[in-house]
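Have a look at the structure first, then read on.

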Amino acid sequence: MASTTQSAVEYVRRARRHLVNTLKNHSVILENLNQQGVLGDEEVCIIQAEGNDYDKNRKLIDSVTDKGEKASYEFLKIIDMTRKRTHGRTSLLPEKQTVASAESKTFDLHHWISCFPFKEDAQMGNNYLQGPTPCHRYQAKLKSKAQKISKAFWTANKDLFEGNNKPDLSYMPLVLDTQGSVSASKIKKFKSKKSKWGRSKKLGTYIPQDKADISPSVLLKTHKNILLVGKSGIGKTALVHEMLKLWTEKDDKELNYMFYFDMRKISNIKSLEELLFNEFSEPDEGKDEVLQDIKNNSDNVTLIFDGITDLSSPVVQKLVDKDLLKDSKVVLTCRPADEDHLEEDLPSEDFLRVEVKGFSEQTIKTYISAMLREGKERVLSNVELLTLCHVPMYALMVAACFSSETSENFQKPCCITDIYINIFRFCLKRNSNTKYIDLDTFIKSKSEEILSLAEVAFRATEGKTVNLTLRPSGDSCVLSLLKQLAIKVALTKRITTCAFLHYTMQEFFAALWLLKNPDLISNVFQQCLTEEKKHMKHLIPYMCRLLTEESPSLMEYLIPAEELKNTSNWFFKKVISTFLPSLCENDEPDTEDSGRILFLCQCLYESQCPEACIDLLEKLDYRLDLSGESLDPYPCCAVAYVITQSKEKKIWLNLEDVTISQQGMRPLLGCLQKRPMV
Ligand SMILES: Nc1ncnc2c1ncn2[C@@H]1O[C@H](COP(=O)(O)OP(=O)(O)OP(=O)(O)O)[C@@H](O)[C@H]1O
């Protein structure tokens, strides 16, 4: 028992006349007194049977003080530990509390209880119920539901990985930015610097810089409302699920509630009760009591609305406006284009705006290393793939594609283009809002939109820009590949600018458009040899793969097979004749020449076309001169693939002054051992 100089009995008795009028929520106080053994079941029933609050309080206080010092001390501790919930919200700012207390001439229970000299007690508060039992049970139910949906979120994508290669997917740190707004500045910056910077540097600008100041646990702790803004697949849902998970792991005794709503799945909500209990989780007992507790203690309620596009639901609008649950915390996630609609209806000064920017370079490395123990260098040494992985969803697909390479079911090399096809298919699927979808039929039905996006991508790539001029009819599923920004240009006028989340995605779509329009190809090939348009060369490896009939399928739903066949009949010969140094019309050796054999190997690796490889080797007279090259793992695989296609002929390979990365050695040595070489 505590030894204080102040008698607890006296302290309670002196305040009796105030307490009988002020004490609220007897049920919680009684439950705690019962749980601590101060009052027996019968005594509790007798007090509860009293007619009104005044009588209940009177009976409660007298029963406790009659029991003496220990019981009264316990009573005071219970009031102290539960006062926030049972007696209204204390101000979060101490100075306000003092001012309020000083000004108040009436009895201030918070002030009164804080003046009692409690003994320092390590256990204090650990075993007290903060609210009625049904509420605690409901909180436990919400936590278990939150755990379940978080687990479902992370396991949903496990199927992308084959057999024994399934990794444990979980939250990795995201770059979160609380400064300013998403703006066109990013696009403009990219555009203005492009002429000066090389490809690697330009692609490097996609990776966000680490900012360690904000994290899911900080976002969980803050009392502010939060608006999480970010591109599709950048990690907004992952972030709110991490907040949910952290909440479920907190073992503090605070009675609080956290609700998660996937706004893509709910509509037509008529009441708060329907939203909380029907859409998320229903209490097993004391439904009214729980709802009352939620309403009375809304400062203990967090509501997450994930993937919100507008505030057309009156219930959600009222919650955001705090007409309902006035002290609750609201967390919204949206894409940048939807922020514009929301802004008009949001009390913006009340929201902490956080931009979700994706993975930093360090996180990409950690993520890819964890997912691909063996093939990680193939990704990390390739600037296109490394920077592509700043979008976590793309990182997931990159990892899944490379891991399938070693799975027993597939065992086929991972072409870079396959990653893009898979990303595209995956994006369509997750944005189609249908759980069971025949993706191939769906692609067929969207072919017009897809090809129109491809055309826009081609025009932009030709014009060396990342800003897309979209036709207004774009389908929202297809548009999820883009970041859209609505820019206010006049009082009532907004224009929407779009860009792919990564430039290589734009190149992939531009390649698709060229295959749809084979008449343009020869001209583009010639452009590739000029200084002004040499960047168009990056479309060719994608075209090589898109022309072949391998799965995952895409092209057959966009372009008739016959057309593709006609193109592929001449395409590979044309690629070789255009880019082979000795054959190309421009015989002057330029800096590009040295990389041409490698480039062709990469094209043929993407095509997985043995005949084209033999054609190339014949044209080269089976002499591959790679002297002076620097071979990262991907080019090594490409060279190894081409060499492997020559079954009988001896190959002369010049590797003088070649730098080969450690991971590149394996495929190259593997093929050198098997083939006749000079
Ligand atoms: N922080 C992260 N750590 C690990 N993986 C992540 C992370 N964030 C996202 N991912 C992966 O990327 C996928 C897509 O992320 P998420 O669903 O969170 O995107 P989003 O921003 O909510 O996109 P949308 O606007 O399209 O709903 C996830 O399923 C997950 O596999």
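The points below cover the ligand and its shell, then a strand and its partner. Please keep in mind that this is a predicted model.

- A ligand nitrogen atom sits 2.7 Å from a polar backbone atom of Met-172.
- On the arginine side, a ligand oxygen atom is 2.7 Å from an N or O atom in the side chain of Arg-335.
- Arg-430 also takes part, with an N or O atom of its side chain 2.9 Å from an oxygen atom of the ligand.
- The ligand exposes 630 Å² when taken alone, and the protein buries 97% of that area.

**The shell around the ligand**

- Two or more residues of the shell come from each of α9 (133–155), α13 (236–249) and α21 (392–405).
- The ligand is surrounded by 23 residues, and the closest are Gly-233, Lys-236, Thr-237, Arg-264 and Arg-335.
- Sorted by class, the shell holds 12 nonpolar, 6 polar and 5 charged residues.

- Why is strand β3 (residues 257–262) described as largely enclosed by the rest of the structure? The reason is that 6 of its 6 residues are buried, meaning under 20% relative accessible area.
- Both faces of β3 are buried: Tyr-257, Phe-259 and Phe-261 point one way, while Met-258, Tyr-260 and Asp-262 point the other way.
- β3 pairs with strand β4 (residues 301–306) in the parallel sense, over 6 bridges.
- Within that pairing, Met-258 has Thr-302 of β4 as its bridge partner.

Terms used: Residues numbered from 1 in each chain as written. Predicted model: local features only at pLDDT ≥ 70, side-chain atom pairs only at ≥ 80, totals over all residues. Heavy atoms only, no water. Buried < 20%, exposed > 50% of the residue type's maximum accessible area, 1.4 Å probe, protein only. Helix = DSSP H or I, 4+ residues; strand = E, 2+ residues; numbered from the N terminus. Pairing = 2+ DSSP bridges. Near = heavy atom within 4 Å. Polar contact = N/O pair within 3.5 Å; in protein donor to acceptor, adjacent residues only side chain to side chain. Areas by Shrake-Rupley, 256 points an atom, 1.4 Å probe, with all protein chains shown as cover. Nonpolar A, V, L, I, M, F, W, Y, C, P; charged D, E, K, R; others polar.
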